[in-house]
Amino acid sequence: MANKIIIFNPKSANGKHRLPNSILQVGASIHGKYNYVFVDGNMESNPWETINNYFKTGEFKYFCSTVMPGPQLKQAIPYAKNIKSLYPESVTIWGGYFASNQYKACLESGYIDYIVNGPGDVTFPKLIDHLEGKNTENISLIRNLIYKNNKGEITQTVKEALLDQDTLPSYPYTYFNTFYPLENYLAKTFMGQKTFAYHSSMGCPFSCSFCAVVPIYNAKWKAKSANTIYNDLRFFKEKYNVDAIEFHDNNFFTSKKRVLEFSELVLNDNIEWWGEGRIDTLNKYSDNDLKLMRNAGCRMIFLGAETGNDKVLKQMNKGGTQSGQMIKDFVLRMKKADIIPELSFVLGMPAETENEVYNNILWDINFIKEIKALNPDAEVIIYLYSPVPTEGSELYQQILDAGFSFPETLEEWIAPSWEKFDLRKNPLTPWLKPYMIDKIQNFETVLNGYYPTASDFRIKGYKKQLLKLLSGYRFKNGWYKYPYEIKALHKIWKYRQPELEGFYSE
Ligand code: B12
Ligand code: SF4
């Protein structure tokens with residue numbers, strides 16, 4: 001009998017969890033072929049015990065984890081290390097954004113055996129076939145794989161073209177439900193009582209130099225059709241009465257045709273939805289298109305504004321046609337369409353001099369204020385630039401030259417100094433001085449005081465009024481220093497920061 005497989009989703013947040021689509025899709029790739037179990041660190045009080053108990057049966061050989069940077073590392077790293085030392089014959093396989101982008105640290109650890117580099121839909125079953133002796137094909141011919149060869153050298157196999165997403169096997173929702181009730185993943189959000197998390201496309205057709213999607217997908221994108229999305233949604237609507245969707249795609253709005261087809265399909269279903277997109281892509285949609293989307297339930301769109309500074313947009317290799325002026329025009333169009341634009345800004349890019357780094361930050365702070373004046377409902381999320389290893393890019397070279405380097409070991413990644421790196425709040429980039437970080441963070445506190453996010457359920461009524469009053473004079477006069485009074489109220493009223501806490505939930 002074949003050895004059994006554990007597919008693990010390390011804990012990624014403290015509450016109100018979303019369906020772990022990464023492991024559902026990995027499970028789908030071997031469903032019906034191999035015996036496997038799901039372990040969701042988000043739902044287990046002691047996932048280590050669950051995993052170890054499986055191994056103790058002697059039936060399991062493969063410990064497979066999805067790993068994104070940040071909080072997931074805290075379980076992914078020590079668990080993989082312990083499993084390897086307790087069960088040396090076991091095989092550890094990692095996939096996901098952290099594993100693919102930081103493959104050197106993973107493979108040098110000695111306790112990660114294989115990395116699935118990007119989509120695992122074909123790679124994973126082929127790798128298991130190979131390890132189970134069912135496939136005599138040379139391992140170097142299995143695409144999307146990174147591993148150490150017999151000589152101990154790190155080997156990357158050829159990348160596979162993205163597959164037609166409609167041909168992929170359906171997620172094993174019913175099987176997953178036998179481990180963790182699906183019902184428990186349908187969160188209450190500002191959009192609805194039961195929010196369904198769905199991932200409808202892989203990759204992204206752009207190559208922004210600060211983005212972790214680029215090294216893995218190299219500007220490629222493939223999507224499920226509107227019909228496939230709608231059929232999956234219907235299953236959840238009929239069975240669980242879902243009334244909202246969060247699309248977790250990197251770039252949901254890439255194909256206007258698909259978005260409009262989906263909007264037509266969902267028009268009378270009373271479903272509200274949210275997704276991530278680009279301003280220049282959506283700016284090509286007509287007012288009528290935006291109106292149709294709104295009528296079909298599109299409530300808010302997360303948009304990578306990044307900066308209003310055209311020179312910096314160029315440095316970010318944002319591609320397309322986005323400009324500072326376009327951001328301003330677009331937030332007005334969104335106001336008319338009654339869709340909330342949720343704009344994410346990336347501050348603290350490297351520049352030639354310290355002065356320039358700082359001036360760019362001040363410039364963007366003013367730009368954000370202009371945006372708020374044009375459309376006060378526009379949400380603003382501020383990230384600090386944290387590098388990603390886009391090897392070969394000009395920006396990556398620039399940051400290496402400036403003295404930045406990633407940790408070389410997995411242990412360093414979970415050391416306190418690096419733990420928060422990918423939360424993009426303390427990026428450890430040498431050109432960003434503490435006074436600049438203070439400036440950004442104080443501005444953000446004042447901004448959040450004056451314009452609390454619409455997605456926070458707790459800040460309303462008199463709380464909102466008081467915060468606005470206290471922050472108003474600071475916001476209008478540019479006095480951002482020491483905003484302790486606003487911080488205190490945020491703390492007392494447990495204000496949520498979307499950039500720190502991920503998706504919205506009550
Ligand atoms: C959902 C999500 C979350 C959820 C996780 C919910 C959950 N279920 O646990 C939450 C909200 C908690 C979250 C948090 C964070 N996230 Co997040 N998240 C995502 C998101 C939107 C979707 C992930 C997903 O489900 N993908 C769908 C699956 C099907 O795709 P996939 O994961 O790529 O899986 C395929 C392959 O990669 C591979 N694969 C993946 N895992 C494995 C495992 C094995 C064993 C194998 C064989 C193959 C394999 O095969 C799969 C099928 O082909 C991604 C972006 C994206 N579109 O993927 C960001 C993303 C992964 N997150 C990211 C980040 C940085 C974070 C944060 C750490 C920081 C932040 N500010 O967002 C926070 C942490 C905050 C906190 N305090 O916890 C980044 C990672 C960037 C990077 N530098 O690597 C991403 C890429 C977003 C982005 N573009 O910046 N996130
Ligand atoms: S458009 Fe968005 S997802 Fe695509 S490369 Fe740029 S930042 Fe990344």
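**Figure 1. Helix H19 and its packing partners in the predicted model.** The buried residues of H19 rest against strand S14 (340-347), helix H15 (354-374), strand S15 (379-384), helix H20 (462-477) and helix H21 (484-492). This is a predicted model, so please read each view with that in mind. The buried set in H19 consists of Ile440, Phe443, Glu444, Thr445, Val446, Leu447, Asn448, Gly449 and Tyr450.

Figure 2. Trp431 sits in the loop between helix H18 (416-419) and H19. For a sense of scale, Glu379 is 52 residues from Trp431 in sequence, and their C-alpha atoms are 28 Å apart in space.

**Figure 3. Helix H3 and what covers it.** Helix H3 (residues 73-86) has 14 residues, and from its first C-alpha to its last it reaches 20 Å, close to the 20 Å expected at 1.5 Å a residue. Its buried residues are Leu73, Gln75, Ala76, Ile77, Tyr79, Ala80 and Ile83. Look around them for the cover, which includes helix H2 (47-56), strand S3 (60-66), strand S4 (91-95), H4 and helix H17 (410-413).

**Figure 4. Where domain 1 meets domain 2.** The domain assignment gives domain 1 (4-156), domain 2 (186-386) and domain 3 (446-497). Taken over C-alpha atoms, the centres of domain 1 and domain 2 are separated by 31 Å. Across the boundary, 10 residues of domain 1 are in contact with 9 residues of domain 2. On the domain 1 side, helix H4 (residues 97-101) gives the most, with 3 residues. That side divides into 3 nonpolar, 5 polar and 2 charged residues. An unreviewed UniProt entry annotates residues 4-138 as "domain: B12-binding". Over residues 4-138 the chain is 40% helix and 19% strand, with its end C-alpha atoms 23 Å apart.

**Figure 5. Asn144 and its contacts.** Asn144 lies in the loop between helix H6 (123-131) and strand S6 (145-148). With 24 C-beta neighbours inside 10 Å, Asn144 counts as buried. Which residues does Asn144 contact, leaving aside neighbours within four places in sequence? They are Val116, Asn117, Gly118, Pro119, Thr123, Thr157, Lys159 and Glu160. Asn268, 124 residues from Asn144 along the chain, has its C-alpha atom 41 Å from that of Asn144.

**Figure 6. The shell around ligand 2.** Around ligand 2 you will find Cys204, Phe206, Ser207, Cys208, Cys211, Val213, Val214, Asn250, Asn251, Arg278 and Gly304. This shell divides into 6 nonpolar, 4 polar and 1 charged residue.

**Figure 7. Asn270 and Asn317, two asparagines with positive phi.** Most residues other than glycine have a negative phi. Asn270, not a glycine, has a positive phi of about 55°, and Asn317 has a positive phi of about 55° too. Asn270 is found in the loop between helix H10 (256-266) and strand S12 (272-277), where it is exposed, with 11 other C-beta atoms within 10 Å. Asn317 belongs to the loop between helix H13 (310-315) and helix H14 (324-337). With 17 C-beta neighbours inside 10 Å, Asn317 counts as partly exposed.

Terms used: Residues numbered from 1 in each chain as written. Chains lettered and ligands numbered in written order. Predicted model: local features only at pLDDT ≥ 70, side-chain atom pairs only at ≥ 80, totals over all residues. Domains from an automatic or database assignment. Contact = placed C-beta atoms within 7 Å. Helix = DSSP H or I, 4+ residues; strand = E, 2+ residues; numbered from the N terminus. Nonpolar A, V, L, I, M, F, W, Y, C, P; charged D, E, K, R; others polar. Near = placed C-beta within 6 Å. UniProt positions renumbered as here; feature names shortened; annotations may be inferred. Buried ≥ 20, exposed ≤ 12 C-beta atoms within 10 Å, placed from the backbone. Expected span 1.5 Å × (residues − 1).
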